[in-house]
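Subject: The structure for you to look through

Hello,

Please find the structure we talked about just below, and keep it open while you read the notes that follow.

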Amino acid sequence: MQEQPLVSIIIPTFNRAHLIGETLDSVLAQTYQNWECIVVDDGSTDGTDVLMGEYVAKDCRFQYHHRPADRLPGGNAARNYGFEVSKGEYIQWFDSDDLMVPEKIEIKVKTILENNVDFVISQTQYFNREKGGAYAYNYKGEEVDFLSYAITYISWFTPDLFLNQRIAKKISFNEFIKAGQEYNFSCKLLLETNSLKKIDRVLSLRRHHFQSIGRKRQLDEKHYHQTVFELHWVNLNELKENYDIPQEFARYSLLKCLRSKLENNEIRIPVGFFKSFYKYYGFKAIYLYLAIASNWLLKRYHFFYNKLK
């Protein structure tokens, strides 16, 4: 076992004492044995402490930490802290309500070593949903680069990623983003490296339940548009500050923000938004104002909005 590279499995959790045991059992069932599993609690008020104490006592490969009080609440800060205390050569992000296929880590380690790449992507599907259980991964690994991921249908879930610790050190989860963290993280990842291999196998099993963050966003349309606006605005500003980003991506991000604003007039336009539109659209930015005015007066905006596409 000592000849195998150490894999750090990092799991943030919040009030999942009724679910995380099943997740940790799927970690224990891994055919690959050289792992450490770092669970970071984000302020749970249920029985998570007691349950985690049992797992830590059962197997020394489990670690249990609490998010430091000086870090922002949320799963992203918990993930970042988990990475900071990890020692693995490879990093596997995971969620506290999902399950691992027994061969998940073994297949990923073998793939990343045999192909000498910086990260690999596997597949996820729902395991407790009668309809819509499968998630489409209709693309080839060779098609994946920053622009294709950032603005097209190419996507994946956070647990699909398995990456070299050397690359993970260069980026982190944005602790100000409340939703869409895998999009922001993977955008930065693909701006750092395009050395990847896609595994066309389902290695993660996703749980569908009404308490999930994604489900709550779907049920509250205004909140959904608010989080979409925040994701693309924060993501755009973070990336353009640290990387040389394509104009096509900047325009795409601004349009996503504008669409959310037009669908939810309660969204406050942040400082610098109009200036960014002028920077990337030039005189066509006039359609931004026309779309907003038309939406306010006539409850219609698509004519002017489409002029920006």
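Is Arg259 buried, partly exposed or exposed? With a relative accessible area of 34%, Arg259 is partly exposed, where buried means under 20% relative accessible area, exposed means over 50%, and partly exposed lies in between (1.4 Å probe, protein chains only).

Before going further, please note that this is a predicted model, in which local features need pLDDT of at least 70 and side-chain atom pairs count only at pLDDT 80 or more, while totals for chains, interfaces and linings use all residues. Residues are numbered from 1 along each chain as its sequence is written, and side-chain values use heavy atoms, with hydrogens and water left out.

The overall picture

The protein contains 13 helices and eight strands; helices (H or I, at least four residues) and strands (E, at least two) are DSSP runs, numbered from the N terminus. Of its 309 residues, 52% are buried, and the C-alpha trace spans about 65 × 45 × 40 Å along the principal axes. The radius of gyration is 21 Å, which agrees with the value near 19 Å that a compact globule of 309 residues would have; this radius is taken over C-alpha atoms, and the globule rule is 2.2 Å times the number of residues to the power 0.38.

The sheet

Strands of a sheet pair through backbone hydrogen bonds, either parallel or antiparallel, and here two strands are said to pair if DSSP finds at least two bridges between them. Eight strands form an open sheet with mixed pairing, in the order β3-β2-β1-β4-β7-β6-β8-β5. Because β3 (62-66) and β5 (99-100) stand at the edges with a single partner strand each, one side of each is left without a neighbour in the sheet.

Seven bridges pair β1 with strand β2 (residues 35-41) in the parallel sense, and Pro12 stands opposite Val40 in β2. From β1 the chain crosses through helix α1 (residues 20-28) to β2 in a right-handed β-α-β crossover, a crossover being right-handed if, with the strands pointing away from the viewer, the path from the first strand over the helix to the second runs clockwise. Strand β1 also runs parallel to strand β4 (residues 90-93), to which four bridges join it, and there Ser8 stands opposite Ile91.

Strands β2 and β3 run parallel and are joined by five bridges, with Val40 standing opposite His65 in β3. The β-α-β crossover from β2 through helix α2 (residues 48-58) to β3 is again one that is right-handed. Strand β5, in contrast, pairs with strand β8 (residues 196-206) in the antiparallel sense over two bridges, and the bridge partner of Leu99 in β8 is Leu205.

Salt bridges

Side chains of opposite charge can pair when their charged atoms come close. The whole structure holds 12 salt bridges, each being a side-chain nitrogen of Lys or Arg within 4 Å of a carboxyl oxygen of Asp or Glu. In one of them, Asp97 and Arg16 meet at 3.3 Å, N to O. Asp97 lies in the loop between β4 and β5 and Arg16 in the loop between β1 and α1, so the pair ties together parts that are 81 residues apart in sequence. Asp97 is buried at 7% relative accessible area, and Arg16 is buried at 15%.

A second salt bridge joins Arg71 to Glu84, with the closest N and O atoms 3.0 Å apart. Here Arg71 is in the loop between β3 and α3 (75-85) and Glu84 is in helix α3, 13 residues apart; Arg71 counts as buried at 18%, while Glu84 is partly exposed at 48%. Arg71 and Glu84 are also linked with Glu175 in a network of salt bridges.

The residue from the opening question, Arg259, forms a salt bridge with Glu263, the closest N and O atoms being 3.8 Å apart. Both lie in helix α10 (residues 247-263), four residues apart, which is about one turn of the helix, and Glu263 is partly exposed at 33%.
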